[in-house]
Amino acid sequence: DSTFALHQMVTRYRMRAIALTVDSGFILPEGTLNIERCTRALKVPHLWLKDEQKIKTASRNTTVKFWGWLKKPSINTIVPVLNAADKTLNLQMYRYAHAHHIPLVIGGNNVGNSSFEQENWKTGFMGIFPNARGFYSKWDKVRLISRFVGQHFASPYGFD
């Protein structure tokens, strides 16, 4: 997704771009090679952000949430558990952009996703679906919040 977004920005819209990768600690050598090939072919500078402490924090967040989830598993809460590390790592991108006066951050996401965060199809596991443009009604937002709060009180183990 992000490769396609970068390609479109550079070739179709003729935008100046900087590719930024936040290393999660789980990027395989093949992934690294693909990133290098893409940025080289598009002649785009590429920056790696790797903060070992943030990787440890992200890993710890995921571990705590996952072990808590195992104590009382629910299809309604597995997605936030598996995405627990994303916030720690994605914040690094926004902080970097802010510190370097980069006015626009574009990531490769599906239509309707909130930036770098949520994929709307996942809420379908709870029987709550967005409209065709990826938006939820006020009532569906209330239902989502209620379900997550309910799950928290039913199984608070993953929220240490």
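Analyst: Ring pairs link F66, W67 and W69 into a cluster. This is a predicted model, in which local features need pLDDT of at least 70 and side-chain atom pairs count only at pLDDT 80 or more, while totals for chains, interfaces and linings use all residues. Residues are numbered from 1 along each chain as its sequence is written, and side-chain values use heavy atoms, with hydrogens and water left out.

A pair of aromatic rings is described by the distance of the centres and the angle of the planes. Rings of Phe, Tyr and Trp (its six-membered ring) pair if their centres lie within 6.5 Å; planes under 30 degrees apart count as stacked, over 60 as edge-to-face and the rest as tilted. A search of the whole structure finds 2 aromatic pairs. In one, the ring centres of F66 and W67 are 6.3 Å apart and the planes stand at 70°, so this pair is edge-to-face. The other joins F66 to W69 and is stacked, with 6.1 Å from centre to centre and 20° between the planes.

Helix α3 (residues 52-71) holds both F66 and W69, which are 3 residues apart, about one turn of the helix. Helices (H or I, at least four residues) and strands (E, at least two) are DSSP runs, numbered from the N terminus.

Buried means under 20% relative accessible area, exposed over 50%, and partly exposed in between (1.4 Å probe, protein chains only). W69 counts as buried at 17%, F66 is partly exposed at 31%, and W67 is exposed at 55%.

Next, the charged side chains. A salt bridge is a side-chain nitrogen of Lys or Arg within 4 Å of a carboxyl oxygen of Asp or Glu, and the structure holds 3 of them. In one, D23 and K50 meet at 3.5 Å, N to O. This pair links distant parts of the chain, 27 residues apart: D23 is in the loop between β1 (19-22) and α2 (29-42), and K50 in the loop between β2 (46-49) and α3. D23 is buried, at 11% relative accessible area.

K50 also forms a salt bridge with E52, with the closest N and O atoms 3.7 Å apart. E52 is partly exposed, at 45%.

D140 bridges to R143, with 2.8 Å between the closest N and O atoms. Both lie in helix α6 (residues 138-154), 3 residues or about one helical turn apart. D140 counts as buried at 12%, whereas R143 is partly exposed at 23%. Shared partners join D23, K50 and E52 into one salt-bridge network.
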